[in-house]
Amino acid sequence: MVLTGTLSTLSRSEASEKIEKQGGHGSSALSSKTDYLIVGEKPGSKIKKAEALQVPVLDEKSFLSKIRWFKQMSDEKRTLLW
């Protein structure tokens, strides 16, 4: 997962921590291997690159919902989804 822009309820380190606690990996570089781009306010050019690479884009609310959903899964299922 890659973060861009400013999140309203979490710092970048808090968001990265949530991703890692659920078995995901945060990155600062967007590539075709990126699973999701998390977009906050003033996202910059990464959103256009994500669209070109067909990387799914999540807003903060959707990201937090996905994190809650992942928390409910077993470790084995989580690993398969990341």
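A: Leaving aside neighbours within four places in sequence, Thr-34 is in contact with Met-1, Val-2, Ala-29 and Val-55. Contact here means heavy atoms within 4.5 Å. This is a predicted model, where local features need pLDDT of at least 70 and side-chain atom pairs count only at pLDDT 80 or more, while totals for chains, interfaces and linings use all residues. Residues are numbered from 1 along each chain as its sequence is written, and side-chain values use heavy atoms, with hydrogens and water left out.

Thr-34 sits in the loop between helix 1 and strand 2. Helices (H or I, at least four residues) and strands (E, at least two) are DSSP runs, numbered from the N terminus. Thr-34 is buried, at a relative accessible area of 11%. The cut-offs are under 20% for buried, over 50% for exposed, and partly exposed in between, with a 1.4 Å probe and protein chains only. The Thr-34 side chain also reaches the backbone nitrogen of Ser-31, at 3.0 Å.

Lys-33 belongs to the loop between helix 1 and strand 2. Lys-33 counts as exposed, with 75% relative accessibility. Its C-alpha atom is separated by 9.1 Å from that of Leu-53, 20 residues apart along the chain.

Three strands form an open sheet in the order 1-2-3, with parallel pairing. Strand 1 (2–4) and strand 3 (57–59) are at the edges with a single partner strand each, so one side of each has no neighbour in the sheet. From one strand to the next, the twist averages 30 degrees. Two strands pair if DSSP finds at least two bridges between them. Strand 2 (residues 37–39) pairs with strand 3 in the parallel sense over three bridges. There, Ile-38 is opposite Leu-58 of strand 3.

Helix 2 (residues 46–53) lies across strand 1, strand 2 and strand 3. Helix 2 runs at about 145 degrees to strand 2. Such angles run from 0 to 180 degrees between N-to-C directions, and axes are lines fitted to C-alpha atoms, for helices over the stretch in contact.

Next, the packing. The largest nonpolar core has 12 residues, among them Met-1, Ile-38, Leu-58 and Phe-63. A nonpolar core is a set of buried Ala, Val, Leu, Ile, Met, Phe, Trp, Tyr and Cys residues joined through side-chain atoms within 4.5 Å. Helix 1 (12–21) and helix 3 (60–71) are the elements giving two or more residues to this core. Helix 3 supplies the largest share, three residues. A second, separate core has six residues, including Val-2, Leu-30, Leu-37 and Ala-50. Back in the largest core, Phe-63 touches Met-1, Leu-10, Ala-15, Ile-19, Ile-38 and Leu-58, not counting residues up to four places away in sequence.

The rule asks for a side-chain nitrogen of Lys or Arg within 4 Å of a carboxyl oxygen of Asp or Glu. By this rule the count comes to one. Lys-21 is exposed at 59%, whereas Glu-17 is partly exposed at 45%.

Last, the whole chain. Four helices and three strands run β-α-β-α-β-α-α from the N terminus. Of the 82 residues, 37% count as buried.

Key
A polar contact is a pair of N or O atoms within 3.5 Å; within protein, one must be able to donate a hydrogen and the other to accept it, and residues adjacent in sequence count only if both atoms are side-chain atoms.
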